[in-house]
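Here are some notes to read alongside the model.

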Amino acid sequence: MKNLIIYTSKYGASQRYAEMISHALGDPATELKQCKKQMLETADRIILVGGIYAGKIAGMKYVKKMERHIKMKKIYVFAVGASAYCDDYLEEIKMNNMKNCNLSISFSYGQGTYDEEKMNFKDRALCRSLRKALQGKEVSEMDASMRALVNTQGKAHDWIDKKYVDMFLKKVSESSNA
Ligand SMILES: Cc1cc2nc3c(=O)[nH]c(=O)nc-3n(C[C@H](O)[C@H](O)[C@H](O)COP(=O)(O)O)c2cc1C
């Protein structure tokens with residue numbers, strides 16, 4: 001089985017997960033910008049690793065654009081976000097990102113990093129103003145992304161954990177045996 005692991009990462013967390021997956025599967029991880037159509041065509045399994053920004057997984061646009069070239073392949077998306085893992089959040093992410101997409105995709109999730117100091121000006125301003133706007137709101141009124149943002153308290157976090165890669169690899173191996 002030839003794996004193509006592609007990643008797109010603004011702040012490094014998706015790249016770190018892609019490298020862990022690459023190490024485990026023994027195939028290189030390629031940045032999305034460097035990915036050529038021919039690489040997609042020769043792969044059996046395509047694995048996209050991308051950060052979540054305002055509910056959207058980076059790189060999904062590309063996957064959708066390449067639909068006709070990859071529709072016969074096994075496709076896996078490993079989304080990386082600041083929210084704590086839960087099945088409901090993964091379901092929400094799937095729903096948000098599968099609009100206008102006819103591909104069959106297996107979704108996984110890994111908790112990434114959060115550091116406002118390392119964000120670009122626009123992202124930092126957005127995250128800070130959102131956190132401010134959420135102050136005093138009831139937790140029950142918030143969705144998972146909002147809760148994650150509030151829980152950071154503006155501090156730096158690194159939640160990267162091999163357990164998420166192991167969960168992903170288990171899914172890959174189960175679907176290969178099916
Ligand atoms: C502008 C912005 C929006 C974000 N939106 C979400 C979100 O909707 N859900 C989530 O779980 N995390 C969200 N995050 C957190 C990122 O997904 C997290 O920092 C992740 O590790 C980023 O991946 P990267 O380091 O590969 O870029 C957001 C971060 C930024 C800067």
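1. The ligand's shell first: its residues split into twelve nonpolar, ten polar and two charged. For the classes, Ala, Val, Leu, Ile, Met, Phe, Trp, Tyr, Cys and Pro go down as nonpolar, Asp, Glu, Lys and Arg as charged, and the others, Gly among them, as polar. In total 24 residues surround the ligand, with Tyr11, Ser14, Gly51, Gly81 and Gly112 the closest; to be near it, a residue needs its C-beta atom, placed from the backbone, within 6 Å.

2. Before you go further, keep in mind that this is a predicted model: local features need pLDDT of at least 70, side-chain atom pairs count only at pLDDT 80 or more, and totals for chains, interfaces and linings use all residues. Residue numbers start from 1 along each chain as its sequence is written.

3. Which elements each supply at least two residues of that shell? They are α1 (13–25), β3 (45–53), β5 (74–81), β7 (113–114), α6 (121–134) and α7 (144–152). Helices (H or I, at least four residues) and strands (E, at least two) are DSSP runs, numbered from the N terminus.

4. α1 deserves a look of its own. With 13 residues, α1 spans 19 Å from first C-alpha to last, close to the 18 Å expected at 1.5 Å a residue (that is, 1.5 Å times one less than the number of residues). Its buried residues include Ser14, Arg16 and Tyr17; buried takes 20 or more other C-beta atoms within 10 Å of the residue's own, exposed 12 or fewer, and partly exposed is in between, with C-beta atoms placed from the backbone. Just after α1, glycine 26 has a positive phi of about 80°.

5. Two non-glycine residues to check by eye. Asparagine 100 has a positive phi of about 55° and sits in the loop between α5 (87–97) and β6 (105–111). Asparagine 100 counts as exposed because it has 6 C-beta neighbours inside 10 Å. Glutamine 153 also shows a positive phi of about 55°, in the loop between α7 and β8 (157–158). Glutamine 153 has 8 C-beta neighbours inside 10 Å, so it counts as exposed too.

6. On annotation, an unreviewed UniProt entry places "domain: Flavodoxin" at residues 4–137; such annotations may be inferred rather than shown by experiment. Over that stretch the chain is 40% helix and 27% strand, with its end C-alpha atoms 43 Å apart.

7. Finally, lysine 137 lies in the loop between α6 and α7. Is lysine 137 buried or exposed? Exposed, because 12 other C-beta atoms lie within 10 Å. Lysine 137 and valine 150 are 13 residues apart in sequence and 9.9 Å apart in space, C-alpha to C-alpha.
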